[in-house]
Amino acid sequence: DVKQISPAELSRRKMALFFKTTNPDTVSEALGNLYTIFVAIVATLRLRFARTISLGAAIGESIQKPVGKYAVPRLKKLLSEEYQKWALPATRHMCRFVGVSIAFYLQRILATVYTAIRGARLFVDGVTELSKRNGYGYLTEGYADEACAGVLTLLGIYSQFFVFPYLPFLVQLLFFPASFTEWILSIFVSLSI
């Protein structure tokens, strides 16, 4: 019987058997334990990363109740009776996924603004020091250097949001491994919550 059906049908049959025979609360608890372990590892390696995940989990939990009121009954109507027990856990995990995605997006915005500010400040401080060393210290008196840092910050933010995503293909190809790894990691973290 198993050898007579296609691999896709066999996979569907195995997934259906899994969903019929497993307890969604046990699976959710196991996923929660995996999440706890993952967060512990991530927190050890990078506190900022763990903060982003925690923020995402909090966002997910805050949208879980209103989304659950709307989505769970409608999802149960779409599912057959044997799969209705998965409506609440699926909604819960989807809310967490959305929450972590929002948190990562916000973290990217904050990192972009911070790097633009820090880069502009380093550049202006370097130019200030160089001008003082060469006897042009009067150029840095007043607010000109602060205004220059502000303009450079705005240029940095603009270029990171609107110029760098549209780099030439060869440059994108060069950075593809890092971009792909970042994308996989954010998806993995989102699904592990």
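**A walk along the helices**

Let's start with two cysteines. Cys148 is partly exposed, at a relative accessible area of 35%. Cys95 is buried, at 4%. A disulfide is a covalent bond between the sulfur atoms of two cysteines. How many disulfides does a search of the whole structure find? The count is 0. Keep in mind that this is a predicted model.

Now the overall layout. The chain has 7 helices and 0 strands. From the N terminus, the order reads α-α-α-α-α-α-α. Of the 193 residues in the chain, 25% are buried.

Next, helix 4. This helix has 47 residues. From first C-alpha to last, helix 4 reaches 68 Å, close to the 69 Å expected at 1.5 Å a residue. After helix 4 comes Gly135, with a positive phi near 85°.

Helix 4 also matters for the surface. There is a nonpolar patch of about 540 Å². Its members are Leu55, Met94, Val98, Ile102, Tyr105 and Leu106. Which helix gives the most to this patch? Helix 4, residues 87-133, with 5 residues. Met94 is found in that helix.

On to helix 5, residues 144-163. Its 20 residues should span 28 Å at 1.5 Å a residue. The end C-alpha atoms are 26 Å apart, which agrees. Which residues of helix 5 are buried? They are Asp145, Ala149, Thr153, Gly156, Ile157 and Ser159. These residues cover an arc of only 165° around the axis, so they lie on the same side of helix 5.

Last topic: charges. Side chains of opposite charge can pair when their charged atoms come close. This structure holds 4 salt bridges.

Take Glu9 and Arg12. Their side chains meet in a salt bridge, at 3.9 Å from N to O. They are 3 residues apart in helix 1, so about one helical turn separates them. Glu9 is partly exposed, at 33%. Arg12 counts as exposed, at 51% relative accessibility.

Now Arg121. Arg121 forms a salt bridge with Asp125, with the closest N and O atoms 3.0 Å apart. The two are 4 residues apart in helix 4, again about one helical turn. Glu146 also forms a salt bridge with Arg121, at 2.9 Å between the closest N and O atoms. That pair links distant parts of the chain: Glu146 sits in helix 5 and Arg121 in helix 4, 25 residues apart. Through shared partners, salt bridges join Arg121, Asp125 and Glu146 into one network.

That's my tour.

Notes:
Residues numbered from 1 in each chain as written. Predicted model: local features only at pLDDT ≥ 70, side-chain atom pairs only at ≥ 80, totals over all residues. Heavy atoms only, no water. Patch = residues over 30% accessible without salt bridge, like charges linked within 9 Å, V, L, I, M, F, W, Y side chains within 5 Å. Areas by Shrake-Rupley, 256 points an atom, 1.4 Å probe, with all protein chains shown as cover. Disulfide = S-S within 2.5 Å. Buried < 20%, exposed > 50% of the residue type's maximum accessible area, 1.4 Å probe, protein only. Expected span 1.5 Å × (residues − 1). Arc of directions from axis to C-beta.
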